[in-house]
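Welcome! Have a look at the structure below, and then let us walk through it together.

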Amino acid sequence: MKKKGIIIGVIVAVIAIGAAASYSSSSVEYTNLDMSRTHGTVSTAMGSPILGDPDAPITIVEFGDYQCHACYNWFHTHKPAIYENYIATGKANLVFVDLAFLGRDSPTASQASYCAEDQGMYWEYHDLLYNSQESKIDGGWANSERLKAFAFSLGLDMELFESCLDSGKYSKRVQYNISEAKKHSARATPTFVIVGPENQQEQFQGGQPYSTFKQIMDNMI
Amino acid sequence: MLIGLLILSEYIFLEPYVAGHIPKGTEIGFLLIIVLSGLSALVLPMNIYRINILKNSSGKIGGSVLGSFVGAAAGACSCGPIGFAIISTFGSVGATSLAFLTNYELPIRIAAIGLLAITYFTTVKSLKIECKLNPQ
């Protein structure tokens, strides 16, 4: 009888610990996330905050990697014109979804961007990463120490940022984004999905020039 | 080969519209692709001719094929579908070799051009001897 009681007690304790652990991890991972957020067929719930007017008729979903050179080129060469003519004017908005596959530092850099989001600085950190990208993949420019240095340079609360990054708080979020990208047959970075006002979608890959985006978006509006 | 490399290196896009661009800072890569393709276009047919018509040794075609292949592989597979396929298939080993090809894209392309140039001159030299008309 005593033995039975001990076994039941152990089972109850294990269940209680498991439930508490799963509750705490889910409450940490998904705070302030709109889990129902989708753009067209893409679930962007775990992606970046929306850049631009959330009610804009067109959404550009970018699947990207912070170590990708083509993403860097697109960010510097074509994104400014898209931002100026479509995002800043309220015609379109942009969501970044991580397809962090190029090296071991890629997922860490993505996680760091969400740690910056915790302090309301996602897009500042995102831009800083693309402004700081160096030519070598896994060459150390996006290792944990450098990611913390970037956060410091933005004036983030370092205690919060470091505990977030070191604990791997957003590793599942990044993994979810990668699987979402793969689900949409994204096989290169950057891959773009442009979602129009009637949920019509156009998907293409590569850091394509501004003229391509203009042609697609003007046809949608 | 030129068109293929320009597509793989994302200088030309075919979908959803045909478009071309040379992003700032990638001009040297673009130039190296043109030189590499030009040399391949010269060296490969010369060596195929040597083998088919003159029934000569196939030693030099090794250099031209290797030069063309290595030059094409470098950089053509960084963020693109080829890189994605390599990493998906070979995991971390694929990622490491891919990172090497991407990190040393320019030196590898220059080495490939060097190899093709050497093959070109040796092929021209041997063709001059092999194709010399005998007046008798």
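Which residue stands opposite D98(A) in strand 4 of chain A? That residue is G64(A).

## About the model

This is a predicted model, in which local features need pLDDT of at least 70 and side-chain atom pairs count only at pLDDT 80 or more, while totals for chains, interfaces and linings use all residues. Residues are numbered from 1 along each chain as its sequence is written, and chains are lettered from A and ligands numbered from 1 in the order in which they are written.

## The sheet of chain A

Chain A holds an open sheet of four strands in the order 4-3-5-6, and the pairing is mixed. Strands here are DSSP E runs of at least two residues, helices are H or I runs of at least four, and both are numbered from the N terminus. Two strands pair if DSSP finds at least two bridges between them. At the edges lie strand 4 (92-98) and strand 6 (201-205) of chain A, each pairing on one side only. From one strand to the next, the twist averages 15°.

Strand 3 (residues 58-64) of chain A runs parallel to strand 4 of chain A, with seven bridges. Strand 5 (residues 191-195) of chain A is antiparallel to strand 6 of chain A, and five bridges join them. In this second pair, F192(A) stands opposite F204(A). The hairpin of strands 5 and 6 of chain A has five residues between the strands, and N199(A) takes a positive phi near 65° there.

Now to helix 4 (residues 105-117) and helix 7 (residues 158-167) of chain A: their axes come within 9 Å and cross at roughly 145°. Axes are lines fitted to C-alpha atoms, for helices over the stretch in contact, and angles run from 0 to 180 degrees between N-to-C directions.

Helix 4 of chain A brings Q111(A), A112(A) and C115(A) to the contact, and helix 7 of chain A brings F161(A), C164(A) and L165(A). Residues are in contact if their C-beta atoms, placed from the backbone, lie within 7 Å.

## Chain B and its partner

Chain B has five helices and two strands, which run α-β-β-α-α-α-α from the N terminus on. Of the contacts in chain B with a separation of 6 or more, 73% are between residues 24 or more positions apart.

Where do the chains meet? In all, 20 residues of chain B are in contact with 29 residues of chain A. Helix 4 (residues 81-103) of chain B gives the most to the side of chain B that touches chain A, with seven residues.

Terms used: Two residues are in contact if their C-beta atoms, placed from the backbone, lie within 7 Å.
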